[in-house]
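Thanks for making the time this morning.

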Amino acid sequence: MTKSFCQRLIFNILVLFFLLLSSIGCSSYPSDKYLVENFQNNKPVFEKLVSMIQEDKRVISVSINGEILDLGYQNNGNIISKKRLDEYITLLEQINALSIRRYTGNKNDRTNFSSVDFLVYESKGWLLGIGGTYKYYIFTHENPDRLVDSLDDLKSSGGDASHYKKISENWYLYLDIW
C-alpha cells in the first residue's frame, strides 16, 4: 500500500467515526404538536387502554412486543389471555405507543393505580446505557409539578429535564431527559 492510500484510508475512517459519533443520541422525539393531535384524534383509544389496565389488576405494564409485567414486576405472559394481549397491542399501535404502564401510589396495595403512562419515545444513553430521553402521555388525577407550556423547548436548552405539559383534563405529556 502506498503512503497516500493509507492516509486517505485513515482519513475516511476518522470521518466515518466522527459522523457515527455525532449521530448518536441525536434522534428527535415527537413534537408536542404531533402528540397533542394524536391524542385528540385517538382520545377514546387512550381512555379504553386506561380502563383495560384498571380492570387487569395483576398487570403493571404491557408493551407492543408482547411483554407483560405482573405485580411483582416479573415478565408473566400468563396473567391475561392471548386475545386480551392482542387487544392491548392493537390499541397501542393505533396510538403509536411503545407500552402502557400503571403506577400505584401505595407499595402495600399495588392493585389501585395513581397514574398510567404511555411511552411514545425512548432513546437510551449511548455511553454505558447512562442517561436517556423519554417522552410519555400521562393519565393522572394528581396535579404534577414542573408544568411548562412547551416540552419541545427543553431539549434545546441542554441539560436534564423532568417536566409536564397539560393537554386535557387529567392528561399530560411528560418529558424525561437525564
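At what angle do helix H2 and helix H3 pack, and how far apart are their axes? Before I answer, please keep in mind that what you see is a predicted model. Two packed helices are described by the angle between their axes together with the distance between those axes. Here, helix H2, which covers residues 32-55, and helix H3, which covers residues 82-94, pack at an angle of about 155 degrees, and their axes are 9 Å apart. Since an angle over 145 degrees counts as roughly antiparallel, H2 and H3 are therefore roughly antiparallel to each other. As for handedness, the crossing in which H2 passes H3 is left-handed.

Which residues make this contact? On the H2 side they are Asn 38, Asn 42, Val 45, Lys 48, Leu 49, Met 52, Ile 53 and Glu 55, while H3 brings Arg 84, Glu 87, Tyr 88, Leu 91, Leu 92 and Gln 94. Sorted by class, the contact of H2 with H3 consists of seven nonpolar, three polar and four charged residues.

Let me now move on to the backbone. Most residues other than glycine have a negative phi. Asn 96, although it is not a glycine, has a positive phi of about 60 degrees, and this residue is found in the loop between H3 and strand S3, the strand at 99-103.

Arg 146 is another residue to look at, with a positive phi of about 60 degrees although it is not a glycine. Arg 146 lies in the loop that runs between strand S5, residues 132-140, and helix H4, residues 152-156. With a relative accessibility of 43%, Arg 146 counts as partly exposed.

Finally, the chain as a whole. The protein has four helices and seven strands, and, read from the N terminus on, its elements follow the order α-α-β-β-α-β-β-β-α-β-β. The protein has 178 residues, of which 42% count as buried. If we take the contacts between residues at least 6 apart in sequence, 52% of them join residues at least 24 apart. The accessible surface comes to about 10800 Å², and 54% of that surface belongs to carbon and sulfur atoms.

How values were computed. Residues numbered from 1 in each chain as written. Predicted model: local features only at pLDDT ≥ 70, side-chain atom pairs only at ≥ 80, totals over all residues. Heavy atoms only, no water. Axes fitted to C-alpha atoms, helices over the stretch in contact; angles between N-to-C directions. Helix = DSSP H or I, 4+ residues; strand = E, 2+ residues; numbered from the N terminus. Parallel < 35°, antiparallel > 145°, perpendicular 65-115°, else oblique. Left-handed = near helix turned anticlockwise from the far one by under 90°. Contact = heavy atoms within 4.5 Å. Nonpolar A, V, L, I, M, F, W, Y, C, P; charged D, E, K, R; others polar. Buried < 20%, exposed > 50% of the residue type's maximum accessible area, 1.4 Å probe, protein only. Areas by Shrake-Rupley, 256 points an atom, 1.4 Å probe, with all protein chains shown as cover.
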